[in-house]
Amino acid sequence: MNRYRNAGSLRHEEALLARGVRASRPPQPAVPRPAALRDRECDRARDARSRRARRPHSVSGGAGRRRTGRLAAGTPLLVLLLALMALPLAAQSVAVTPQGSFVVAHDGIVELFASNGHDRLWRSDGVEYPGALVAGESSIAVLDPIANRAVVADIRTGASTSMRTGETPIDGAFVGGDLYLLERDARALERIAPDGTRASISLAADPAFLRIRDARLFVYSRVAGVIQEIATAPFRVARTVAAEPFASDFETDGRTAYTVHPRDGFIRMVDLATGKPAGHVRIGAVPVDLAFAGSGTALSAPMLAVADPSAKRVWVVEGKQSVMQAFARGFLRGLIGLGLFGGRESKFRTGVDRVVIRGPVSIAYDSSSGTLYRFSKEKIEVLAHPVAPGAFAVGPSGVAWWQDGTLVAQKANR
Amino acid sequence: MSKRMQCAVRSGQWAVNDRALRAARCALLLVLLAPAAFAQTTRIASDFEIQQMEKQAASAHDFLSQLSAHLNLGDLRLTRSETTVAHTEYQKAADIAQRERTDARTSSDLARYATATMYASLAEAKLGEERQAFALIEEATRYASDDAKTWNVYASTMRVLQQPRKAASAARNAVTVAEAELRRSPSTAKRLDLDIYRYSLATALDDAGERDEAQRLLETVVASLRTQDFDALRKDAARRESFEIYSTARGETTAYLSLLNRSQLQLAAMYERGGNVARARDVYHDVLTSRSDDATALAALARLAGSGAERTQSYADAFDANPFSIGLIRDYQSWLSQHRVDPNDGASDGSIIRRALEQMARGENRAARSTLDALASRFPENDVVGYLAATNDIALGDAVRARSRSIHVETLRREVESRLASSVAAAPAFLDGTATSATPSGAELRHLLAALQQQRLTPEEHLALDRITLTSTAMFDASAAAGKPGQSVLESGTVEGVAFRFSEPMAFAGTFAAATPLRLTYRVLGVTEVGGADGLLLEPVKLEAER
């Protein structure tokens, strides 16, 4: 059953009303619970939700602890945040290089700052509308998805080259010095070598996400509903694996692919070795964004953080465990998916729809108000507002964001 | 018609709900009453739609009714060159959508949020806010990439932003999603949805230059709309005497009529551009069977008319349907530059605009000023009236008055500024002496054009111009006509950035490619219209490859 309908289409809405179905689903109450991503967990989660929906529920996390259920409207901070919601934010992008320095693209320029966030190392020409910023070992690339341009700059000197790309470059990655660009509306992945040599391969419909793991590239195509693994030498689609279409985010640890589906509230997994579905779990009300919260070990599953703007929470759940991991942790516990990390969800003042976690730094972001949060198990704090989408980054040295023409950095261990 | 206008006119967002159907039923009385009420005076074709949308904006309170009313009003005003009013309507639509976004997000209703966000994007695009529109539509698709209508609005937004390849990609997604939905649960409504998305894809492909696929898709859409699958909608339209065409259609019947109208117009335009005049005329006539005052079809039929009488009548009908279409006005000016027409004394707004154009073509600029000033007092927000009045002022040598005219369409304003800049130019120096040949600069040719436009050449300068042959580097446009083997047929192009044409296509011995610098020796015969703007009418003497 669809839990989440797009009311954008009156025609669509009419069809729903004719069937006696509400056009939109009331937000689900926040349900703090542990979850491991297993098929059977799905039913358990549904049961648990219906039980909890009938009783007041407690919320863990500093800010959320003082509230119950849906956030009461009218608090001064909330009013302030929402009043600023409609403000247009100029396109700005921030990224972290492997060396820990920060790159900022804004107002047609690119700047590199030292890891302290204060010392500007160089400034170079950029693009008019900076979208994704891609950082490699020796180069960075800033992409303009509207004008179909990329500027590639040398990290050491700032010397830059501007180039035309295929239609709508939305993401990229450096592998062995080569730049790989995901050109969504060209439905292509293009490789640009340091000497300017270019090659391109066709992808499935709506290639929306590019991920890199162990020098392997993975592309999830949203409308086609496939994950394509791309080999770099030779440059080709190594294999194509079916997945559920229409995910709002995609992550992979190289073994398992995770997609999150806001419409029905599921996280779905695909075993990349077998190419088969590896389970799914319902999580929160409208889960939108995924991040690895812990990489897992030989004895534990990876942890996933899930941003849910409807519940105003970030859920933390376990990813898929291998049989060995499950066995090592106790066969029964592994089988039914009872994890060890219950109650690690957090409630925010506004609905967060992006989550980024690097080491000890966990960041959540509300795209509609431009509010940037830092959170931990114990505490949620507003770092900045308003911050443009993409104008923040988390690296080993800490978090940095671009606000009012200034780069602000906060160390990982404050 | 400007690119922006075309986009706005063609952008297709379609939506239906039961409330819309109820509203349509309420509106039925007006549909029946309106023709009699308007019969007292000649009306502009979009008057009725504007009246309906203003009523909807005033009475409806729900988000989608309010939004569609203001988007439609903006589009309708834009077709009439009322840019300022159109902008105000788009701003209202954007404000409404932003408020809805805020409310939806506050109440954690992500479905409403996604909907409001995509419409906010469309409104921002119509306001020319490219970055904001792009960011918003990307945000909407995060939540609703499984929704064909979201992709369709994405495509419409990109077309407004003149990003045809992005539009085509989004429209392909809409078609893919809608085809799957139709396979899962076939219904008339879903067939109509699918045809709407195919139309969107076709228009985006056409913009992107992928004409073959676009034409095939449009033929599929038009054929589909004529099948018995849509009998019920056709009967409903006939029963309710519905004829309204909206870019944001509400109600299945209105959506059906709007889609049939737009897809036929688009298909006919493609046939026309491809040189298939007979098929184009047939399809334009099909448009007129369901909407006899469709301004676009009437203008096209005037352009494609076989006889002078037919053309004259078609132009009269087209101007009555929309007196303020810049495309139609340019077509008519082009026709007037080569033909004399009898003075018309009609009282409709279309007749008055035609009269002004005819007066300007005959050089009766003082009479034209009187005609245009009377129109400007009745349509003070109309950019086309301001533009025509300004160009007429320039012809009268009244630069001060020309500068005072209100023109908000950038292309028109730039054209007036360019003419103003040229208007102060004196005759070029090569007409001063007794030389029989010269190699003029671009600036000299522009001065010559301005002097000819304003009839400022002295008799001596006219004699010099008759005597002198000029040599310049010319870049020719590709010609539709083909020559014999070993010949090149060329008709128009630019010399030093100044547009020119010959009186008819000329066959030159030798092979000369278009868009390649060539050495042209020529005489200047006068001023003519080239691609909607003034240019030099030349008589070729010799054409050689550039040395």
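**Burial, loops and domains in a predicted model**

Modeller: In H16(B), the buried residues are B:Arg311, B:Ser314, B:Tyr315, B:Asp317, B:Ala318, B:Phe319, B:Asp320 and B:Ala321. This is a predicted model, in which local features need pLDDT of at least 70 and side-chain atom pairs count only at pLDDT 80 or more, while totals for chains, interfaces and linings use all residues. Residues are numbered from 1 along each chain as its sequence is written, with chains lettered from A and ligands numbered from 1 in the order in which they are written.

Colleague: What makes H16 of chain B a helix, and what is its expected span?

Modeller: Helices are DSSP runs of H or I with at least four residues, strands are runs of E with at least two, and both are numbered from the N terminus. H16 of chain B, residues 308-321, has 14 residues. The expected span is 1.5 Å times one less than the number of residues. For H16 of chain B that is 20 Å, and the helix reaches 20 Å from its first C-alpha to its last.

Colleague: What covers the buried residues of H16(B)?

Modeller: The cover includes helices H15 (295-303), H17 (326-338) and H18 (349-361) of chain B.

Colleague: Why is A:Asp214 called exposed?

Modeller: A residue is exposed if 12 or fewer other C-beta atoms, placed from the backbone, lie within 10 Å of its own, buried if 20 or more do, and partly exposed in between. A:Asp214 has 6 C-beta neighbours inside 10 Å, so A:Asp214 counts as exposed. A:Asp214 lies in the loop between strands S13 (207-213) and S14 (216-221) of chain A, and its phi is near 55°, a positive value in a residue other than glycine.

Colleague: What makes A:Asp404 exposed?

Modeller: A:Asp404 has 8 other C-beta atoms within 10 Å, so A:Asp404 is exposed. Its phi, near 50°, is positive too.

Colleague: Which peptide bond joins A:His385 and A:Pro386, cis or trans?

Modeller: That bond is cis, with omega about -5°. A:Pro386 sits in the loop between strands S28 (380-384) and S29 (392-395) of chain A. Most peptide bonds are trans.

Colleague: How is chain B divided into domains?

Modeller: The bounds come from an automatic or database domain assignment. Chain B has domain 1 (3-292), domain 2 (321-423) and domain 3 (429-545). Between domains 2 and 3 of chain B, the contact takes eight residues from domain 2 and seven residues from domain 3; two residues are in contact if their C-beta atoms, placed from the backbone, lie within 7 Å.
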